[in-house]
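Let's take a walk through this one together. Have the chain in view and follow along.

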Amino acid sequence: MLKLNTGHQIPIIGLGTYKSDKGEVSQAVQDAIDVGYRHFDCAWFYHNESEVGVGIQAKIQDGTVKREDLFVVTKLWNNFHAKECVVPMLKQQLKSLQLDYIDLYLIHWPFGFKETSDSWPVDEGSAAYSDVDYLETWQGMEECVELGLARAIGISNFNSAQITRLLNAVKIKPSVNQIEVNPNINNKKIIQFCKEKGIVVTGYCPLGRVDCANDPDIPKPTIFDERVIAMAEKYKKTPAQIILRYLINLGITVIPKTVTKKRMIENLNVFDFDLEGEETDYIDSLNKNVRICSFSSFEDHKYFPFHLEY
Ligand SMILES: NC(=O)c1ccc[n+]([C@@H]2O[C@H](COP(=O)([O-])OP(=O)(O)OC[C@H]3O[C@@H](n4cnc5c(N)ncnc54)[C@H](OP(=O)(O)O)[C@@H]3O)[C@@H](O)[C@H]2O)c1
């Protein structure tokens, strides 16, 4: 567990749910709870919150867990950045998730889209953008805490300048910044920056999105690196476990996605070994600062976060 600036604890490993199909995610959530997951990462954009909610509810109903044992995260999508949209969106998402409150509500991206636009408005170009300032969005996020709908609030994909600007303006500080972290982009500078500000980092795409391994636009996941495979053999672990151990050693939480029960167990089981200094140095050397989630179609947006080094 890592401690948030609210005093609440966030489990170090959570289950990602992006691209978990509607037909399999309820069962995946139930399997995950059965094997020990207590942290779930969701989003409006994943279009499967109702099915996640069914899975959570089934395990509360059968007595395996209580609501307070779980740490559920969800995110506000870009079309709903206007202050007056935030509380209604969270209420709608809570209804889908069958929850009374969320443990952590995140602004998914610092840039907004018009409410009337597509949720992924590439064809509409900049005509689809909203220039609502994320400082305004944050006021809606604070209202979620004040109404008891969110225990903690945070951000995702914010750069250091955006975080500084936010910290200078807010009543309630962000507890978490969720960003891409895997050995192809270890993001050490922003992790350090967030630590200094008392913000916990959650790393997404920790395994480098294995299902896209053959996509030429995406860096090859490091679970296929020969030396990582050799480390796995040495420790009688899998390459995924080596990578997750490396990431946890950065002092962050991680949210590997899987719908496969065997892999859920594997991804949790990373606390009974550790890497040698030179093994860590080698995985550090794989850093290329290349993103999977570059969102480059939106790089002309006023609040696009990735023009800065970190
Ligand atoms: N905030 C943001 O903007 C943002 C962006 C992207 C992602 N996220 C969050 O981060 C989560 C994780 O990222 P991701 O889903 O993009 O990528 P990921 O977790 O790096 O990779 C997921 C892929 O890895 C496979 N996998 C899982 N465990 C494995 C293992 N032990 N060995 C081999 N393959 C394994 C999964 O397959 P199976 O499912 O078939 O087992 C799936 O295809 C997302 O689900 C989402 O919750 C947030």
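Which side chain does Lys237 meet in a salt bridge? Its partner is Asp272, with 2.8 Å from N to O. Keep in mind that we're looking at a predicted model. Lys237 sits in the loop between helix H7 (226-235) and helix H8 (239-248), while Asp272 is in the loop between helix H9 (261-268) and helix H10 (277-285), so the pair ties together parts that are 35 residues apart in sequence.

Arg245 and Asp274 meet through their side chains in a salt bridge of 3.4 Å, N to O. Arg245 belongs to helix H8 and Asp274 to the loop between H9 and H10, so this contact links parts 29 residues apart in sequence. Arg245 is buried, at 11% relative accessible area, and Asp274 counts as partly exposed at 40%.

With Lys75 in strand S5 (residues 71-76) and Asp41 in S4, the pair ties together parts 34 residues apart in sequence. Both ends are tucked away: Lys75 is buried at 0% relative accessibility and Asp41 is buried at 3%.

Lys75 also turns up among the contacts of His108, along with Trp77, Tyr46 and Ser156, to name a few. His108 is found in the loop between strand S6 (102-107) and strand S7 (112-113) and is buried at 7%. An unreviewed UniProt entry lists His108 under "binding site".

Ser156 leads us on to strand S10 (residues 176-180), where Ser156 stands opposite Gln178. S9, helix H5 (residues 160-167) and S10 make a right-handed β-α-β unit. From S10 the chain crosses through helix H6 (residues 188-196) to S11, again right-handed. S10 and strand S11 (residues 200-204) pair over 5 bridges. Since 5 of the 5 residues of S10 are buried, this strand is largely enclosed by the rest of the structure.

Methods: Residues are numbered from 1 along each chain as its sequence is written. This is a predicted model: local features need pLDDT of at least 70, side-chain atom pairs count only at pLDDT 80 or more; totals for chains, interfaces and linings use all residues. Side-chain values use heavy atoms; hydrogens and water are left out. UniProt positions are given in the numbering used here, feature names are shortened, and annotations may be inferred rather than shown by experiment. Helices (H or I, at least four residues) and strands (E, at least two) are DSSP runs, numbered from the N terminus. Buried means under 20% relative accessible area, exposed over 50%, partly exposed in between (1.4 Å probe, protein chains only). Contact means heavy atoms within 4.5 Å. Two strands pair if DSSP finds at least two bridges between them. A crossover is right-handed if, with the strands pointing away from the viewer, the path from the first strand over the helix to the second runs clockwise. A salt bridge is a side-chain nitrogen of Lys or Arg within 4 Å of a carboxyl oxygen of Asp or Glu. Lists of a residue's contacts leave out its neighbours within four places in sequence.
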